[in-house]
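Hi there,

Here is the structure I promised to pass on to you. Have a look at it first, and then read my notes below.

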Amino acid sequence: MNKKVAVIGLGYVGLPLALLFAKKNYSVVGLDIDARKIEALKQGESYIPDVCNDVIKSEKNFQAYELKKGISAFQVCDYVVVTVPTPITENHNPDLGPVISASTFLKEHMVKGQTVIYESSTYPGTLEEVVLPILKESDLQAGVDFYLAYSPERVDPANKSYDIEYIPKVISGYSKNCLYHVQMFYESIFQQVVPVSSPKVAEMCKLFENIQRLVNISLVNETNELCEELGIDFHEVLQAASTKPFGFTPYYPGPGIGGHCIPVDPLYFLWKLKQNGLTSELIEAAHHINEEMPNKVIRRVEKQLAANEKRVFVVGVAYKKDVNDMRESPALAVCEGLLAKGYELAYHDPYIDSAILNKQTYFSVPLTKEEVEKSDVVLVLTDHSQIDWPIVRYAKKVVDTRGILNECSR
């Protein structure tokens, strides 16, 4: 009989992971509080670009339920993987509400013998300081009656170069016995597992991966601006520097950093540092540079326009190319800033049908020669692969934050 896995949270991390488990011949129960996601999955429809409809329709080992309607299916599972969101509050503090809710669900419904693995990105200490106290309120003892573990997710939406099965999987356990159980499970799924000594190490591993990216992307954004002032094509600089076969990894400038990880994870770490009377000047500076990028883009647009020119056509509002994800997208801050200054706005994004900007709903319009020509400036914020970029050249003026037009002309 197949082992059974429950995945709590069917977003960009959870759904591909659940389908991978199913492909590996596990019986998978997907659970989510969003009824729309569950209905879409039951209809064989994907809401994530990385997952095609045919995979959902053809996968017989996967069933999806609303969280509270899937309790009986959950309780016969051998493994439980938690992949709920870990956003930030308006004050840039960790919002562990979804983690706490999932943990409360587990406290009330988990059964003896289950292995519970959290994958949500969070600050070091969360598993032991937040999750474990909640689970201790059950009648089950961690490491004896159930096995508690942390393994940071490593998903890069729209990156087709790395299938999650082949990305090395860092794992940790609350105890040696817990580590043993998660290792036995994940070794049957992933090509390589990387055990570490504690959940705090695994939690910090994930944060550091994205702190490194925040610092480097903020560096190239700042350097790109400085090179522009000096009359130097920074994209050509990057292309030349990337020919070095050692000691250099290229990062690319843009309108800011978005998504569920890079702009968020470093703030989780900064929060944890402050709780311990510590700080990081470098991370603080990188965060400040990233936060200022939308305002700098707005100023670039203003420099291009005369007083009577008000129509801005935005290309792309997703946080990165080839995804339908607007979480923490710098494009939203740019668009709302332009609207607040009185500019007229239209946008095109093949992945985002509608967006709420300054409490008003805007709908994606076709990218046509006519639309481009009637705009005073075209603002490129997301470099989606399927956009017909030559059409943008009909624009009167262009602000290209991604360097995509220069790249296309080379």
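Let me start with how charges are counted: Lys and Arg are positive and Asp and Glu negative, while His and the chain ends are not counted. The place of a charge is NZ of Lys, CZ of Arg, CG of Asp or CD of Glu. On that basis the chain carries 42 positive and 53 negative side chains, and the centres of these two sets are 2 Å apart.

Please keep in mind that this is a predicted model, where local features need pLDDT of at least 70, side-chain atom pairs count only at pLDDT 80 or more, and totals for chains, interfaces and linings use all residues. Residues are numbered from 1 along each chain as its sequence is written, and side-chain values use heavy atoms, with hydrogens and water left out.

Now the overall form. The C-alpha trace spans about 70 × 50 × 40 Å along its principal axes. There are 14 helices and 14 strands, taken as DSSP runs numbered from the N terminus (helices: H or I, at least four residues; strands: E, at least two).

How much of the chain is buried? The share is 53% of the 410 residues, where buried means under 20% relative accessible area with a 1.4 Å probe, protein chains only.

Just after H1, Asn-25 has a positive phi of about 75 degrees.

Best wishes

Conventions. Buried < 20%, exposed > 50% of the residue type's maximum accessible area, 1.4 Å probe, protein only.
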